[in-house]
Amino acid sequence: MTFSDFNFDEQLQEGLNSMGFKKPTPIQQQSIPLILQNKDLIACAQTGTGKTASYLLPIMHHIAVGEKSHVSTLILAPTRELAQQIDQQVEGLAYFTGISSIAVYGGGDGMIYEQQRRALIEGTDIIIATPGRLIAHLISGIVKLDHLKHLVLDEADRMLDMGFNEDIMRIVGYLPKNRQTLLFSATMPPKIRTLAAKLLNNPEQVNIAISQPAAGILQQAYLTYDPQKIPLLEGILRESQYPSILVFASTKDKVKELGRSLSKLGIKVKPFHSDLEQDEREDILRAFKSRQLPVIVGTDVLSRGIDVEGISLVVNFDVPPDPEDYIHRIGRTARAETTGTAITFINEKDQRKFASIEALIGREIPKLPLPEALGDGPEYQPQLKRDSGFKRKPKGNWKKHKNAGNT
Ligand code: AMP
């Protein structure tokens with residue numbers, strides 16, 4: 001199957017060619033025909049599968065061949081990074097079509113709000129928005145969505161996790177009942193089904209074998225005690241030939257602390273978290289994309305938002321709490337058929353979580369021996385209950401790393 005099978009508008013096809021997309025991915029093969037037929041759709045697909053273009057292309061085709069006078073499409077996304085990334089894909093695909101889009105997201109200063117306000121007054125075909133900020137503009141009365149034709153909820157599971165349920169329902173109150181609604185989600189917990197039942201009309205379903213990381217990713221793990229983690233990471237970063245490395249930690253505070261510890265060791269690194277101003281976040285991503293900054297430490301916000309070519313190493317400083325987040329995090333490497341490496345540090349407490357990741361992806365991930373200088377790590381015994389005060393004393397010469405490892 002090729003894209004020409006869809007008979008897209010010519011200018012849209014040109015945009016597609018210029019983006020270098022040659023063959024539709026599985027989610028695109030399944031979703032595009034249904035969306036072109038104006039069906040409602042629930043699609044279970046993670047990032048990295050080409051899900052964004054799978055809804056953008058048919059919607060943009062409809063816009064290109066239809067009348068352009070009102071906002072026709074609203075895309076809701078959980079984070080500003082994802083909203084900006086979707087907007088960039090629209091810009092690329094729309095290059096020859098004259099279709100316009102605006103990304104509307106929270107944060108930033110009053111100037112950004114004002115810029116968004118003015119752009120909205122001028123009008124656009126597609127609005128890509130985080131829910132909270134869109135509501136502010138809807139209340140102010142400058143956005144009119146009563147002629148909307150397509151509503152997309154992207155990463156719906158993440159939006160619900162972030163507490164946007166009420167905001168979504170409030171926004172839907174501004175939309176016409178007669179519209180196409182598409183819901184994309186990496187996971188399908190019952191609350192997503194409930195949301196879909198409220199918003200979608202007789203939906204089709206597409207399920208892309210989720211939870212399978214791209215085949216090009218080499219996955220490895222180390223069993224470590226907490227004090228061994230920083231020296232281990234330092235060694236990996238120093239020895240690495242990789243130009244762009246993402247390190248994930250589970251909380252904002254850990255990210256900040258890890259950023260400080262690595263900086264003290266002379267490693268060029270920036271922490272990336274939700275306390276940063278919008279400008280700071282953009283500066284960091286820009287430096288990273290242009291290879292001036294080799295390492296970013298971030299929370300899972302980063303795993304959803306970042307689309308950078310050529311990230312060849314992802315390190316999970318902690319095992320992510322949700323197995324799906326593991327897939328998202330390591331999906332930042334090996335984008336679009338390249339290769340990459342993902343390394344996870346597993347302490348005693350995280351072993352059960354890691355075992356559930358292995359169960360989800362259906363295979364064991366090799367556990368590498370620690371460098372000799374760090375001494376032995378814990379044994380892999382995920383079946384033992386680890387959170388009941390049960391503690392093993394680390395063997396080997398780990399004490400010298402104690403301070404460095406005090407995260
Ligand atoms: P997504 O799953 O939407 O986050 O897309 C993942 C990456 O794949 C993005 O960088 C897209 O630009 C890229 N992509 C999407 N569709 C295709 C395609 N058919 N061929 C090649 N790359 C694609």
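Let's start with Leu76, which sits opposite Leu153 in β5. Leu76 is part of the pairing between β2, residues 73–76, and β5, residues 150–153: the two run parallel and are joined by four bridges. When I say strand, I mean a DSSP run of E of at least two residues, while a helix is a run of H or I of at least four, and both are numbered from the N terminus. Two strands pair if DSSP finds at least two bridges between them.

A quick word on what you're looking at: it's a predicted model, where local features need pLDDT of at least 70 and side-chain atom pairs count only at pLDDT 80 or more, though totals for chains, interfaces and linings use all residues. Residues are numbered from 1 along each chain as its sequence is written, and side-chain values use heavy atoms, leaving out hydrogens and water.

Back to the strands. β2 and β5 belong to an open sheet of seven strands, paired in parallel, in the order β3-β4-β2-β5-β6-β1-β7. β3 (101–104) and β7 (204–207) are at the edges with a single partner strand each, so one side of each has no neighbour in the sheet. On average, neighbouring strands here are turned by 15° against each other, direction ignored. Across β3 and β4 (126–129) lies helix α5, residues 110–122, at about 145° to β3. For those angles, axes are lines fitted to C-alpha atoms, for helices over the stretch in contact, and the angles run from 0 to 180 degrees between N-to-C directions. Contact means heavy atoms within 4.5 Å.

Now, in what order do the strands of the other open sheet, with β10 and β14, come? That order is β10-β11-β9-β12-β13-β8-β14, seven strands with parallel pairing. Its edge strands are β10 (269–272) and β14 (367–368), each pairing on one side only. Inside it, β12 (residues 313–316) and β13 (residues 340–346) pair in parallel over four bridges, and Val314 stands opposite Ala342 in β13. Helix α14, residues 323–330, packs on this sheet, touching β8 (217–223), β9, β12 and β13, and its direction makes about 150° with that of β12. Helix α12, residues 278–289, lies across β9 (245–248), β10 and β11 (295–298), at about 135° to β10.

Last stop, the ligand. Which residues come nearest to it? Of the 14 around it, those are Lys23, Gln28, Gly48, Gly50 and Thr52, where being near takes a heavy atom within 4 Å. Polar contacts here are pairs of N or O atoms within 3.5 Å. Gln28 puts a polar side-chain atom 2.8 Å from a ligand nitrogen, and a backbone N or O atom of Gly50 is 2.8 Å from a ligand oxygen. Lys51 has a polar backbone atom 3.3 Å from an oxygen atom of the ligand.

Methods: Polar contact = N/O pair within 3.5 Å; in protein donor to acceptor, adjacent residues only side chain to side chain.
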